[in-house]
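Here's a quick briefing on a helical packing question and a few backbone details. Have a look at the model first.

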Amino acid sequence: MSKSSSSLGLALIVVGIIGIFGYYFQFNIFSMSRLWPLFLLVPGLAFEFGFFMEHKHAGLLVPGGILITLGFVFLFNTYTNWHFAGQTWPFYVLAPAVGLFQLFLFGNHNPGLLIPVAVLTTVAVFGFLGTTFSHINRSLIWPVVLILVGLIFLFNKPSSGGNSDNPNSPFSK
């Protein structure tokens, strides 16, 4: 028996055992209600492999990056019973940025692609910050920022590079 068929046989046995445990212990790891995101992941991986196997048609990376990103987000959400769906929505905005950035990196390095990548990534980052820190009282943000900037001015020592000779420097005498 070859090594690959032994590995495949062992993998099938493990999957079967997990399926039996799932049946008896109500552990539905392999149900379609959990695995439907594979219908996004598999085509996404096929697009990615299609490019990386031949290094042709860099446009395949855009749908590949989008589908893989969304597939992983949906897979995470299904296994967490959608508990974090309110916090993962920025990934939906970030998914096209992932695909376009891959096109930039492995395609023709068109700098015009970085504009939508930057816009989508910025929106996603602000979305993450908004959902992550939504429990913080926003009226306290500006006073805290002012205090931090004030502390930087108080405790930041001028460098020996001659910055103190600059009359416009906040550290000049």
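Is the crossing of α4 and α6 right-handed or left-handed? It's right-handed, where right-handed means the near helix is turned clockwise from the far one by less than a right angle, and left-handed means anticlockwise. Bear in mind that this is a predicted model, in which local features need pLDDT of at least 70 and side-chain atom pairs count only at pLDDT 80 or more, while totals for chains, interfaces and linings use all residues. Residues are numbered from 1 along each chain as its sequence is written, and side-chain values use heavy atoms, with hydrogens and water left out.

**Confidence**
- The protein chain averages a pLDDT (the predictor's confidence in each residue, from 0 to 100) of 84, and 84% of the residues score at least 70.
- Helices here are DSSP runs (H or I, at least four residues), numbered from the N terminus.

**The α4/α6 pair**
- These two helices pack at about 145°, with axes 7 Å apart; axes are lines fitted to C-alpha atoms over the stretch in contact, and angles run from 0 to 180 degrees between N-to-C directions.
- On the α4 side, the residues in contact (heavy atoms within 4.5 Å) include Leu61, Gly65, Thr69 and Phe74, and they meet a set in α6 including Phe91, Ala95, Gly99 and Phe106.

**Helix α7**
- The 19 residues of α7 (residues 114–132) should span 27 Å at 1.5 Å a residue, and the end C-alpha atoms are 26 Å apart, which agrees. The expected span is 1.5 Å times one less than the number of residues.
- Val117, Ala124, Gly127 and Thr131 are buried in α7 (under 20% relative accessible area; exposed is over 50%, partly exposed in between, with a 1.4 Å probe and protein chains only).
- They sit on the same side of α7, because they cover an arc of only 100° around the axis, taken from the directions from the helix axis to the C-beta atoms.
- That buried set packs against α5 and α6 (90–106), while exposed Ile115, Val119 and Phe126 are on the face turned away.

**Positive phi in loops**
- Most residues other than glycine have a negative phi.
- His57, not a glycine, has a positive phi of about 60°; this residue lies in the loop between α3 (38–54) and α4 (61–79) and is exposed at 61% relative accessible area.
- Trp82 also has a positive phi of about 60° without being a glycine. Trp82 is in the loop between α4 and α5 (85–88) and is partly exposed at 40% relative accessibility.
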